[in-house]
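Hi,

Here is the structure I promised to pass on.

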Amino acid sequence: MGLNNFINCLTAPSTTFIWRDLVCFCRVKMASSFARVLSSKRKVGILSLVGAGSLTVGFFLNREQHVNAGAHVRRIYPPSAEYPDLRKHNNCMASHLTPAVYAKLSDKTTPNGYTLDLAIQTGVDNPGHPFIKTVGMVAGDEESYEVFAGIFNPVIKERHNGYDPCTMNHPTDLDASKIRGGQFDDKYVLSSRVRTGRSIRGLSLPPACTRAERREVERVVIDALAGLKGDLAGKYFSLTLMTEQEQQQLIDDHFLFDKPVSPLLTCAGMARDWPDARGIWHNNEKTFLVWVNEEDHTRVISMEKGGNMKRVFERFCKGLQEVERLIQEKGWEFMWNEHLGYILTCPSNLGTGLRAGVHVTLPRLSKDPRFPKILDNLRLQKRGTGGVDTAAVGNTFDISNLDRLGQSEVQLVQTVIDGVNYLIECEKKLERGQDIKIPAPISQFK
Amino acid sequence: MPFGNTHNQLKMNYIAEQEYPDLSQHNNHMAKVLTLEMYANLRDKQTPSGFTVDDVIQTGVDNPGHPFIMTVGCVAGDEETYEVFKDLLDPIIEDRHGGYKPTDKHKTDLNPDNLQGGDDLDPNYVLSSRVRTGRSIRGFCLPPHCSRGERRAIEGLSVEALGALDGDLKGKYYALKDMTEEEQQQLIDDHFLFDKPVSPLLLASGMARDWPDGRGIWHNDNKTFLVWVNEEDHLRVISMQKGGNMKEVFTRFCTGLTKIEELFKEKGHEFMWNEHLGYVLTCPSNLGTGLRGGVHVKLPNLSKHEKFGEILKRLRLQKRGTGGVDTAAVGGIFDISNADRLGFSEVELVQMVVDGVKLLVEMEKRLEAGQSINDLMPEQK
């Protein structure tokens with residue numbers, strides 16, 4: 001079925017039973033016949049075999065249709081009357097949303113109906129953070145990154161240190177066997193953790209999803225998670241249905257997430273209908289955890305006490321690949337493309353969406369004035385043990401990768417492993433009264 | 001979604017059961033009324049500007065309930081909301097406004113001459129008097145739904161109209177985003193400055209978007225007549241002064257409002273009003289007069305009396321702390337105001353306040369002197 005007809009089906013007034021089945025049918029058809037061929041990283045080779053020229057042209061022709069397919073935006077005033085006042089703002093969106101860019105994009109919508117005003121609302125409402133330059137915009141669906149590329153691309157470039165989605169490709173690599181080392185000294189590393197997110201293709205993202213879509217995300221994800229076996233077998237706890245005891249246990253395990261209070265998130269509409277269709281899944285061993293419908297469709301976390309980052313990453317990759325296989329069995333897939341990698345709500349999490357880190361005790365190194373520069377050159381960042389924006393307690397820090405996009409999962413985790421090893425070496429040297437060196441800066445895009 | 005009609009088609013890909021909100025933990029007017037059947041009937045409708053039933057109810061879905069008061073759980077995005085979604089809003093209005101029926105007519109009376117007395121409330125007890133209401137400009141979307149361009153246009157029109165006021169109403173506008181530090185401090189000291197809403201009831205409806213763009217405060221030079229622009233409604237109009245001369249406060253209120261309405265009409269604009277709902281505002285609780293007329297009054301003895309609540313109820317009055325809704329009274333001083341908004345005229349409501357407060361002060365004096373108040377107990381109004 002042609003893309004145009006498909007879109008027209010979606011936007012026509014409905015007799016809902018028929019259209020729902022048709023949409024499901026279309027989604028599977030589209031995924032299997034068109035988008036899947038072009039988006040699957042395993043089949044990228046086919047493009048070059050067939051002759052990238054003609055296929056690429058066809059691909060871009062259909063992308064144009066995508067861009068125009070949305071409903072018209074209600075507009076009474078010209079763009080100049082609607083352009084936000086960003087004079088006091090300091091976020092990536094404000095840095096790049098000129099009146100000209102706004103005028104060009106403000107009457108466009110994605111096929112689902114998401115608009116530029118919706119995407120930038122959080123950045124308009126939150127002028128800036130005193131310590132960090134926030135992104136200031138979100139995606140409402142996969143197509144947002146396409147339809148509003150005129151603003152997303154410069155924002156992505158700024159946030160991801162020069163990564164250009166127009167010209168660069170993002171490598172995805174979840175082969176944990178490539179990791180060298182990765183078992184830290186438990187005397188220093190208290191815990192190891194890797195997290196990322198995944199979005200279900202065809203369903204709107206948290207800022208824009210309807211209640212039914214959100215519930216569908218929940219259904220698809222927990223259906224797949226129920227198929228996990230062995231050390232990955234686990235259980236789902238819906239936020240609306242969990243008992244008092246279950247809630248307390250999840251709090252004690254530090255697994256429970258709460259309704260967002262940060263205005264960065266609430267202004268983007270992510271907390272609507274809370275706690276409907278939100279929940280937490282974890283395996284019985286409590287080493288693999290999935291958040292459903294919090295800031296993204298899913299947030300996937302692998303973790304354990306101690307310093308065995310290699311094992312944490314192995315479980316991470318295995319779990320992700322298993323879940324992907326299970327959803328594909330039912331005709332679903334993750335949002336992914338070769339320029340942006342895995343598609344998530346916030347542009348800061350594109351690519352791998354991966355933050356791999358440890359809680360590590362560095363009593364001497366942390367007091368050394370060279371500490372920030374060392375971290376910088378190793379492309380690592382430090383946070384307090386409560387997560388982003390918290391202070392370190394005692395001498396224990398959360399050390400993780402800075403980058404998300406432009407390097408693969410394997411590369412980023414290796415960076416963390418090599419970097420943390422260096423930090424521990426420094427700490428040991430200082431213990432022995434020896435001097436340390438600032439390492440040469442490692443290159444960013446490999 | 002609030003601030004966009006773009007999503008309604010997407011929702012129609014799912015059946016009503018799949019989209020219907022989970023209201024099992026909820027205790028607000030919307031949750032009491034919105035059945036699955038009603039939701040199914042309303043979900044494919046939208047107002048001409050694109051406001052949908054999901055937009056109307058979002059604040060009620062996100063805020064299951066308030067421990068002390070039954071919240072409304074709905075907002076209007078434009079004037080037509082009350083018409084297009086009348087199946088939902090009429091029963092809510094009836095429940096909230098004491099049985100007001102869809103066929104009832106609301107009386108508007110802004111003639112201060114019709115108020116009897118009210119100029120002699122004892123200033124030893126009545127510390128200040130105040131009347132507030134809201135107004136919406138017809139043809140524009142309301143705060144949950146308006147775009148930046150609309151909000152700025154509303155600000156522009158309002159500032160222009162207010163700029164033409166003269167005499168004791170002559171004043172000045174302070175845009176929230178342009179005010180200087182000194183201006184801001186002065187407005188805080190005068191207790192005029194309003195801040196970005198923090199209540200989740202308001203935030204969930206989308207009213208605080210783009211803050212502080214298009215928002216501001218106007219007041220007359222005498223600081224007795226104040227207008228808030230684009231806070232919870234297009235305009236909130238407040239007349240107030242120290243002491244107990246409610247008649248003067250109400251007279252200025254009526255004069256000011258009538259003048260402002262004239263000035264808008266000169267420019268081809270009018271206020272949202274109809275003979276069934278009176279003045280149309282964002283929250284259904286403020287329909288009709290949108291009027292809260294009240295005093296800050298010292299009632300240290302009466303407030304401890306076991307019949308205090310009953311007396312207020314019979315007088316159709318409500319008490320609040322001096323910080324406004326949901327605050328506690330400080331030092332025996334209460335904010336006493338009318339409980340009703342719709343189904344009574346402005347004059348009738350202020351009359352109730354004037355007569356009621358007079359009685360309360362009399363009761364306070366009796367209790368001070370150690371005397372009984374039993375013979376003063378009022379009938380239910």
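One term before the details: two strands count as paired here if DSSP finds at least two bridges between them. Please also keep in mind that this is a predicted model.

Chain A has a mean pLDDT of 85, with 81% of its residues at 70 or more. The stretch to be careful with is residues 1-69 of chain A, where pLDDT stays under 50. For that stretch the model has 73 contacts beyond four places in sequence.

**Chain A overall**

I count 16 helices and ten strands in chain A. Of its 446 residues, 55% are buried. Taking the contacts in chain A with a separation of 6 or more, 74% come from residues 24 or more positions apart.

Eight strands of chain A make up an open sheet with antiparallel pairing, in the order β2-β3-β4-β5-β1-β8-β10-β9. β2 (234-238) and β9 (380-383) of chain A are at the edges with a single partner strand each, so one side of each has no neighbour in the sheet. On average, neighbouring strands of this sheet are turned by 20° against each other, direction ignored.

**Strands in chain B**

Let me start with β10(B), residues 333-338, where six of six residues are buried. It has antiparallel pairing with β8(B) (residues 292-298) over five bridges, and also with β9(B) (residues 317-320), over four bridges.

Next is β4(B), residues 225-229, with five of five residues buried. In a regular strand, side chains alternate between the two faces of the sheet. In β4(B), both faces are covered: B:Phe225, B:Val227 and B:Val229 are buried on one side, B:Leu226 and B:Trp228 on the other.

β4(B) takes part in two hairpins:

- With β3(B) (residues 216-220), the pairing is antiparallel over four bridges, and B:Trp218 stands opposite B:Val227. Four residues lie between the two strands, and B:Lys223 in the turn has a positive phi of about 60°.
- With β5(B) (residues 235-242), the pairing is antiparallel over five bridges, and B:Trp228 faces B:Arg236. Here five residues lie between the strands, and B:Asn230 in the turn has a positive phi of about 60°.

**A buried loop residue in chain B**

Is B:Asn28 buried or exposed? B:Asn28 sits in the loop between α2 (16-19) and α3 (29-33) of chain B, yet it is buried, because its relative accessible area is 0% and the cut-off for buried is under 20%. Leaving out residues up to four places away in sequence, B:Asn28 touches B:Gly60, B:Asn63, B:Pro64, B:Met70, B:Thr71, B:Val72 and B:Gly73. B:Pro64 is 36 residues away along the chain, but the two C-alpha atoms are separated by 6.7 Å.

**Where the chains meet**

At the interface, 43 residues of chain B are in contact with 45 residues of chain A. Together the chains bury about 3,600 Å², with 46% of that on carbon and sulfur atoms. There are three salt bridges across the interface. One to look up is between the side chains of A:Arg211 and B:Asp54, at 2.4 Å from N to O.

Cheers

Terms used: Residues are numbered from 1 along each chain as its sequence is written. Chains are lettered from A and ligands numbered from 1 in the order in which they are written. This is a predicted model: local features need pLDDT of at least 70, side-chain atom pairs count only at pLDDT 80 or more; totals for chains, interfaces and linings use all residues. Side-chain values use heavy atoms; hydrogens and water are left out. Buried means under 20% relative accessible area, exposed over 50%, partly exposed in between (1.4 Å probe, protein chains only). Axes are lines fitted to C-alpha atoms, for helices over the stretch in contact, and angles run from 0 to 180 degrees between N-to-C directions. pLDDT is the predictor's confidence in each residue, from 0 to 100. Contact means heavy atoms within 4.5 Å. Buried area is the accessible area (1.4 Å probe) that two parts lose on being put together, summed over both. A salt bridge is a side-chain nitrogen of Lys or Arg within 4 Å of a carboxyl oxygen of Asp or Glu.
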